[in-house]
Every structure is written in C-alpha cells, then in structure tokens.
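This report describes how parts of one protein chain pack together. Please examine the sequence and the structure before reading on.

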Amino acid sequence: MKKMAFIDMEGVLIPELWKHFSTVLNIPELAVTTREVADYKSLMNFRINILKENNIPLTKLVELIKEIDASPNAKEFLEYLKNNKKFEVKIISDCFYEFLDPFFDKLNLPINNAYCHNLEINSNGYIENVIYNRKKGKHEIIVNYQKEKVPLKNSIAIGDAFNDFTMLHLVDHGFLFQPSEEVSKNSPFYFHKVESYQEIIQYLTYNRVA
Ligand SMILES: [Mg+2]
C-alpha cells in the first residue's frame with residue numbers, strides 16, 4: 001500500500017529563506033513573517049515592494065540561496081523515510097520553484113514530486129507577482145490524492161507553522177517540527193510536536209508506521 005510523507009520545506013528541511021535575505025541584505029522588514037502579517041498574500045505583496053524599493057532583482061536572491069545548505073541531516077532523514085520506511089515523499093511548500101530549485105538536488109528529490117508556487121518576473125528582472133498554484137491551502141494536494149482514491153493509510157505530514165495545519169489534519173500522523181511557541185500554543189493536541197528528525201523516526205518505529 002502506498003504511504004505518503006507530505007513535507008514542508010522551509011523550517012523543516014531547509015532554513016527560513018526570508019530570514020536569511022533579511023540578515024544578509026540588512027533589510028529588517030524582510031524578516032516579517034505571517035506572525036506579523038497574518039495573510040500570506042498580503043505578506044508576499046509587502047515583500048515584493050520592499051525588494052523593489054531596495055533594487056533587488058530575483059537573480060540576487062538566487063545568488064544568496066546558492067550559499068544556503070539544507071538543514072543538517074535533512075537529506076539522510078529523507079533517504080531513511082524513502083528507503084527504510086518506504087514512504088513516497090511529496091514536498092508541499094508555500095515557497096517558490098524559483099527559490100527552491102537548488103535544494104531539490106541537494107536533498108536528492110525529484111522536482112516533479114513537489115507542489116510549490118511560481119514567481120512572475122518583470123522585464124527588469126524584479127519579482128512582480130506570485131502565481132499561486134492552489135487557492136486555499138496545502139490540504140488541497142492531499143484532497144486531490146483522496147479523490148483519485150489513492151489509499152493514504154499511515155501517511156504522515158511534517159510542517160512547522162500555521163500554514164501546515166490543514167495538511168497535518170488530513171493524515172494519520174501529523175508532526176509539528178520545531179514549532180514556535182505561538183504555533184505550538186495554538187495547535188491541536190493530536191499534532192505530534194517534535195524537535196528533531198530522530199524523534200519522528202522513533203515515533204514511526206515505536207508505533208510501527210512502516
Ligand atoms: Mg515552513
């Protein structure tokens with residue numbers, strides 16, 4: 001039977017990219033997150049304007065991204081899920097293919113197993129807009145699998161923030177990975193809060209999710 005692992009990217013497998021941009025470019029406003037601006041689309045419009053005001057084209061951001069490594073042991077964790085626990089790994093991220101591209105190689109993941117958004121770039125090379133590939137949230141991807149009658153028993157989802165809640169709700173085992181206090185406080189009791197990949201592996205082994 002097919003078992004899926006639906007996994008978020010930023011904050012789970014790779015560091016937060018906007019935080020990195022903010023630090024390296026010395027633009028504090030870029031560190032604003034959905035905790036300060038609750039609506040993701042408004043937040044992205046805010047970020048796009050800040051980038052334009054500071055004359056930062058996509059190529060500059062891509063350059064910065066190349067310096068970032070995946071989180072320590074992320075690749076090994078994915079290999080373990082795939083090889084030892086026989087999960088099919090799907091990445092569900094609210095980030096963009098244009099940013100995430102280098103990480104698929106680093107994590108040995110096929111890009112066609114990922115569900116992200118796209119960026120619209122204007123003729124001057126600046127980010128103009130976001131092309132959202134889903135309307136409501138990450139759960140839409142899982143619902144599509146359910147509609148196709150893919151059996152999802154014992155599937156898992158791993159995320160770190162509020163935008164992951166809807167996908168964590170739809171699987172048998174939902175993990176909140178190193179959540180902030182705010183996220184943790186507002187999460188349902190049946191999400192498993194974990195601080196490391198090792199804790200997830202232990203949970204899967206102990207509960208025989210294999
Ligand atoms: Mg995240």
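Which residues are exposed on the other side of α9?

The model discussed here is predicted. In α9, the exposed residues on the other side are Q198, Q202, T205 and Y206. The buried residues of this helix, which covers residues 197-206, are Y197, I200 and L204. Viewed down the axis of α9, these buried residues fall within an arc of 60°, so they line one face of the helix.

The packing partners of the buried residues of α9 are helix α4 (74-84) and the strands β5 (156-159), β6 (173-177) and β7 (192-194). Just after α9, R208 adopts a positive phi of about 55°.

In soluble globular proteins, nonpolar side chains tend to be buried together. The largest nonpolar core of this model contains 44 residues, and A5, F6, I7, M9, A157, I158 and F175 have the most contacts inside it. Residues of this core come from both domain 1 (4-14 + 70-206) and domain 2 (17-66), so the core lies between the two domains.

Leaving aside residues up to four places away in sequence, F175 touches I156, A157, I158, H192, V194 and I200.

## The crossing of α1 and α3

Two packed helices are described by the angle between their axes and the distance between the axes. For α1 (residues 17-25) and α3 (residues 58-66), the axes come within 11 Å and cross at roughly 105°. This angle makes α1 roughly perpendicular to α3. Helix α1 contributes L17, H20, F21 and V24 to the contact, while α3 contributes L61, L64 and I65.

Note on methods:
Residues numbered from 1 in each chain as written. Predicted model: local features only at pLDDT ≥ 70, side-chain atom pairs only at ≥ 80, totals over all residues. Core = buried A, V, L, I, M, F, W, Y, C linked by C-beta atoms within 7 Å. Buried ≥ 20, exposed ≤ 12 C-beta atoms within 10 Å, placed from the backbone. Domains from an automatic or database assignment. Contact = placed C-beta atoms within 7 Å. Helix = DSSP H or I, 4+ residues; strand = E, 2+ residues; numbered from the N terminus. Arc of directions from axis to C-beta. Axes fitted to C-alpha atoms, helices over the stretch in contact; angles between N-to-C directions. Parallel < 35°, antiparallel > 145°, perpendicular 65-115°, else oblique.
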